[in-house]
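Please consult the sequence and the structure shown here.

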Amino acid sequence: MSKARDPFEIAVLPVASPEDARTTCAGAAAHLRRTGGRAVVVHVIEGAAPSDGAHPEHADETFAAAREAFDAANIDVETRLEYGEEIPETVFAVADEIDASAIAFTPRAGGRWLKLLSGDLTNALVTESDRPVVVLPDRHE
């Protein structure tokens with residue numbers, strides 16, 4: 001039997017906005033410092049990538065917030081902009097590609113993730129993920 005991996009060895013952190021990035025990355029920072037783990041922040045835009053290769057400003061702001069949160073904790077972060085028809089499946093694909101040890105996020109009151117988690121996303125994360133899903137507390141409230 002193989003040894004269980006620490007969830008924060010390689011954590012995929014899906015974020016929907018700059019505020020989500022700040023909150024999720026701040027919540028993950030202590031765990032990543034403890035393990036010396038790797039953070040991969042993923043912002044998913046529903047639909048196909050633009051044909052002109054444009055990089056949405058919202059994604060730039062979201063990634064800047066993630067970098068700022070991790071810079072304050074002296075943790076390196078990788079950011080990935082992904083396009084997909086379904087957010088959970090796109091997050092799972094990134095997790096598979098990098099052999100993530102977990103998917104971690106902080107649901108935001110009234111935010112996009114909380115709304116998504118109230119329906120099919122919760123079911124998909126729990127029943128379709130082949131790795132742990134960590135819900136981080138919101139330390140900013």
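Predicted model: local features only at pLDDT ≥ 70, side-chain atom pairs only at ≥ 80, totals over all residues.

Residues are numbered from 1 along each chain as its sequence is written, and side-chain values use heavy atoms, with hydrogens and water left out.

Reader: Are helix α1 and helix α2 roughly parallel or roughly antiparallel to each other?

Author: The axes of α1 (residues 18–35) and α2 (residues 57–72) come within 8 Å and cross at roughly 30 degrees. Angles under 35 degrees count as roughly parallel and over 145 as roughly antiparallel. The two helices, α1 and α2, are therefore roughly parallel.

Reader: How many nonpolar residues does the contact of α1 with α2 have?

Author: Residues of α1, among them Ala21, Cys25 and Leu32, meet residues of α2 including Ala65, Ala69 and Phe70, where contact means heavy atoms within 4.5 Å. By class, this contact has 2 polar, 2 charged and 11 nonpolar residues.

Reader: Is Ser101 buried or exposed?

Author: Ser101 is found in the loop between α3 (87–98) and β4 (102–105). Leaving aside neighbours within four places in sequence, its contacts include Arg5, Phe8 and Pro132. Buried means under 20% relative accessible area and exposed over 50%, with partly exposed in between (1.4 Å probe, protein chains only). The relative accessible area of Ser101 is 5%, so this residue is buried.

Technical notes
Helix = DSSP H or I, 4+ residues; strand = E, 2+ residues; numbered from the N terminus. Axes fitted to C-alpha atoms, helices over the stretch in contact; angles between N-to-C directions. Parallel < 35°, antiparallel > 145°, perpendicular 65-115°, else oblique. Nonpolar A, V, L, I, M, F, W, Y, C, P; charged D, E, K, R; others polar.
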